[in-house]
Amino acid sequence: MDNENKQPRRNSHSHAKKMDPKLRKRIYLGLLLATLAIFYAIGAYAYNILNSAKNTIDQTYSKTNLKKSRDVSSVLKDKRPISILLLGTDTGDLGRTDKGRTDTIIVATVNPSTKTTTLTSIPRDTKVSVPDSENSYDKINAAYTIGGTSTAVKTVQDTLDIPIDYYILVNMQGLTQLVDAVGGITIKPLLTFKYEEADVTKGKTVKMNGKQALAYSRMRYDDPEGDYGRQKRQKQVIQAIVSKAMSVSAIANYDKILKSIGSNMQTDLTYGDMVTIATKYTAASENIKSKVLQGQDTMLDGLSYQVATAEEKKKISNEIREQLGLEKTDKDFSDQAYSYGSDYDQNDYDHSGPDYSNNYGNSTY
């Protein structure tokens, strides 16, 4: 082979060393622009979510006629514990379009210092005095029907001598849509039963769509604990929705989630309030506890009520106030504990009852 036909051995790095400086700059610039484009796309997507969320929250905002019992702006600013009254109406359920009643009533206390959120249920049949009612006493779920959210909030505040900082009202149709919007929820049933769309076995984890979750949370009469058992299941569903909504997989469905919220929710939380809670109070989600105002089945004027003793109301009041960092109540609840008919003997009243103060801890459903 002629020497002139031999090719010199190339150094493996010679190509890089001899690359045109202008070409190198163009490659680097292209990579930089591509990286910026990716970050821009993510940023634009996040901004779109936040912008859409703001528009949705603005649509759901509806203040009450009540003056706040404390300065909630300073409470949020100082990152102090807050209370939110969760109200679930039966409007939209089974085709209903009337105002309906609040069959779900939960006082949520959010404490970032103790990293605890406590959900205290008030049975819908709890006997109370409702402001501006023509009756001497009513079931607490009628407060919303009588005077709207303002009356519902005031009734809870007066009944337990606690401040309610905010409220969130959601109808049952919204529950169905919200569960579907987050892609369904995973539940570990608390008991075995078949009811409407729900067919569950105790302890056997199951994924539910909106209709199944609604049926699971609505069933009452086949539960040995009655309305108390239903409250447990409702809180279980709420926790499952929150957990799923905060997952990465739900982000892709944010538009469906916002749509379901916008058409089925009403609150006096502003967008700014929600951003503050989301950024400063996240630690409170680490431990979720569940409690209930315990009453006794009592027939009054032919209707069944749950009647809580003065001692029970004071106990629940002080527990909530402690969660909010407030002093114990000095209210005497005895004047509103009993308003029985003349044929009822208060000494026959059974003060005993099961303890439903379940601590769900970090469980997910």
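Me: Lys154 and Asp158 are 4 residues apart in helix α4, so by how much of the helix are they separated?
Reply: This is a predicted model, in which local features need pLDDT of at least 70, side-chain atom pairs count only at pLDDT 80 or more, and totals for chains, interfaces and linings use all residues. Residues are numbered from 1 along each chain as its sequence is written, and side-chain values use heavy atoms, leaving out hydrogens and water. Helices (H or I, at least four residues) and strands (E, at least two) are DSSP runs, numbered from the N terminus. Because Lys154 and Asp158 sit 4 residues apart in α4, their separation is about one helical turn.

Me: How far apart are the closest N and O atoms of Lys154 and Asp158?
Reply: A salt bridge needs a side-chain nitrogen of Lys or Arg within 4 Å of a carboxyl oxygen of Asp or Glu. Lys154 and Asp158 form one, with their closest N and O atoms at 3.3 Å.

Me: Is Asp268, the salt-bridge partner of Lys68, buried or exposed?
Reply: The closest N and O atoms of Asp268 and Lys68 are 2.5 Å apart, and the pair links distant parts of the chain, 200 residues apart. The cut-offs are under 20% relative accessible area for buried, over 50% for exposed and partly exposed in between (1.4 Å probe, protein chains only). Lys68, at 30%, is partly exposed. Asp268 has a relative accessible area of 7%, so it counts as buried.

Me: How many residues apart in sequence are the parts that Arg70 and Asp165 tie together?
Reply: Arg70 and Asp165 form a salt bridge, their closest N and O atoms being 2.7 Å apart. Arg70 lies in the loop between α2 and α3, and Asp165 in the loop between α4 (143–160) and β6 (166–171), so the parts tied together are separated in sequence by 95 residues.

Me: At roughly what angle do the axes of α5 and α6 cross?
Reply: Axes are lines fitted to C-alpha atoms, for helices over the stretch in contact (heavy atoms within 4.5 Å), and angles run from 0 to 180 degrees between N-to-C directions. The axes of α5 (residues 172–181) and α6 (residues 210–218) come within 7 Å of each other. They cross at roughly 135°.

Me: How many residues of α5 are buried?
Reply: Among the buried residues of α5 are Met172, Leu175 and Val179, which also take part in the contact with α6. The helix is largely enclosed by the rest of the structure, because its buried residues number 7 of the 10.
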